[in-house]
Amino acid sequence: MSKIQVRYDPSYKGMPSWDLSVAFYNGLDDPQIKEDKKRLQKLAKELSLYRDQFDEMEAYELSIFLRKYEAIISLSRKLLYYAHLYADTHKTEEQANVFQAKLKEKISQVFEQLGFVHFELNSLPEYKMYEFLNHPKLQRWIPWMRSIFSGYWALNEGASFIINKKSLVSSAWDRLYDETCATLKFRLNGKTYNEAEIGKKMLSNSDADTRHKIMVEMNRVYRENARIFTMCYNMILKNKRVDDELYGMKEPVSESLCENNISKEDLLCMVNEVVDSYIPISQRFYKLMARIMKVDTLRYEDRNFNPVSISDKKITWAECVKKVLEAYAEFSIDYMANAVQIINSQSIDVAPKKGKTSGAYCIRGSQPYILLNFTGSRRDVSTFAHELGHGVHHILAAEVGVLNDTTPTALAEVASEFAENLVFKQQMEEAQTDRERLSLLIDRVQDMINSIHRQISFYKFEERTHREHEKGELSTKRLNQIWREESSRCLGFDIGEDAECMWMGISHIFSMPYYVYSYAFASLVVNNLVKAYEKWDENGEFEIQEDFSDLYVDMLSNTGVEDFKSLLEPFGIDANKPDFWAKGLQVITDYIDEIEKLAKSEGLI
């Protein structure tokens, strides 16, 4: 197959910042914000007139209501997304954070008025539900209605209070956590760095002593702020427990399972399979890295260091864009076209900067916005492919409508992980030497272990802390101990006191409890998809499943309306089989086997 060449576009040069005026507003003082808030109030007032009316409604009346309901959700997302995106690039500005907090409170009050909607729909008699589900005028909302009619949270009309409380209380502690992280200062060799910058320094530094120095400094800064982080986490644990009691949830993870449409059995099967593979996969890999690095055992800060360097050359943003688009194009021209739409829409904020939050993400919608902290490393290319994969998914998923566009978090990461794999395959094909292939494989396995094994260790940390908190608040010392035990168990070596506070930098456990297992879930689903895509025939010849890209695009378009097992069926994948999770893990084992083989041929072990 000939390689598809993507030309450079002048607009890709430099390090672009997003333009929030394209899909949102011209600034915090844009008069349109005030007008949109008024419109939001007006829509809420109109919708509130439908209280106690659903059981008497005709189908056409419900269709009118649902169109207005979609409008209020779209408008609230526009306001909230703008506040979120603006605040994440102005973290040190009090005005931005106050604006976001006040807006969240305002919109929470609006939706508190509409808490009756889910409750009353969920309380309809069965014949009325059947009537609505089978009426032609309501066909576009069938997936959403089904989820509402069987809704786990619509237990009583007090659900509106719970939703409002969750929004206000959770966001308050989340905000304190974010603002604290944004103001952290780390010192190294006379220079000061923010959280994102110091993390990049540790990841890219080739000197073991310097990596350790950075690790010690990060741990020191977290320890100095432990009072705030420990208080935030304890309050989040407490808040979660109160919500679970109000919702009638039996376990801390139950709400997440309901939102993801995953059974407890499926989650436990995955978690147990991953934990059982700590020794043959994650621990084996880190021992192999220690052999290549000629040390007895790794330290915490060494886990993401690649000892087989091939080039320190920085990658420009234009080169990054070209590489990712070429990888996408090899898979599907239509898939790439959606990616180009995002790149050309001035909706990507690329470079690290003062007051900008760390990490990377993509917000959903027909016009996705992507935040990066691009420094030109090879890993940054994978990160961009990851977030752009989210963006393409959001465009496709938005086609099913606002109410149906509710992709579970466990499926949301499938698109991004698969996109990363496309870039990895491209890089392997372009590699000129065995050493280069070895380096790429090490990077890939590090990423996969981070996405699967490390995330499950985070999940185990969450499980233990949520359950122990039922007996009372947890001290920093106890949280450090649990973190150290679970991390060491996964890595195969004691992370030591110098890394015991690093849980304070895991933002997901603060902002989105029980999100972390979604990465492992998605990665293992993707590994099964990759095995279906890259088939080997009886003669050992490699072949690509011809209609795979069409099936894949169709799958991304329906992640909000089908469960993961149904979505995988067209690919010939049976997620009910006992070996489903093991097959996903086998991909990593195969890569480690290849790493060991290449390391021996290169004389490194």
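Buried means under 20% relative accessible area, exposed over 50%, and partly exposed in between, with a 1.4 Å probe and protein chains only. This model is predicted: local features need pLDDT of at least 70, side-chain atom pairs count only at pLDDT 80 or more, and totals for chains, interfaces and linings use all residues. Residues are numbered from 1 along each chain as its sequence is written, and side-chain values use heavy atoms, leaving out hydrogens and water.

**Glutamate 131**

Glutamate 131 counts as partly exposed because its relative accessibility is 27%. Its place is helix H5, residues 126–133. Helices here are DSSP runs (H or I, at least four residues), numbered from the N terminus. Leaving out residues up to four places away in sequence, glutamate 131 touches Met57 and Glu58. Contact means heavy atoms within 4.5 Å.

**Nonpolar cores**

A nonpolar core is a set of buried Ala, Val, Leu, Ile, Met, Phe, Trp, Tyr and Cys residues joined through side-chain atoms within 4.5 Å.

| Core | Number of residues | Members include |
|---|---|---|
| Largest core | 140 residues | Met270, Tyr328, Phe384, Tyr517, Leu529, Tyr552 |
| Second, separate core | 51 residues | Ile33, Phe54, Phe99, Leu124 |

Where do helices H14 (residues 317–331) and H17 (residues 409–430) stand to each other? Their axes come within 9 Å and cross at roughly 100°. Axes are lines fitted to C-alpha atoms over the stretch in contact, and angles run from 0 to 180 degrees between N-to-C directions.

How values were computed
Helix = DSSP H or I, 4+ residues; strand = E, 2+ residues; numbered from the N terminus.
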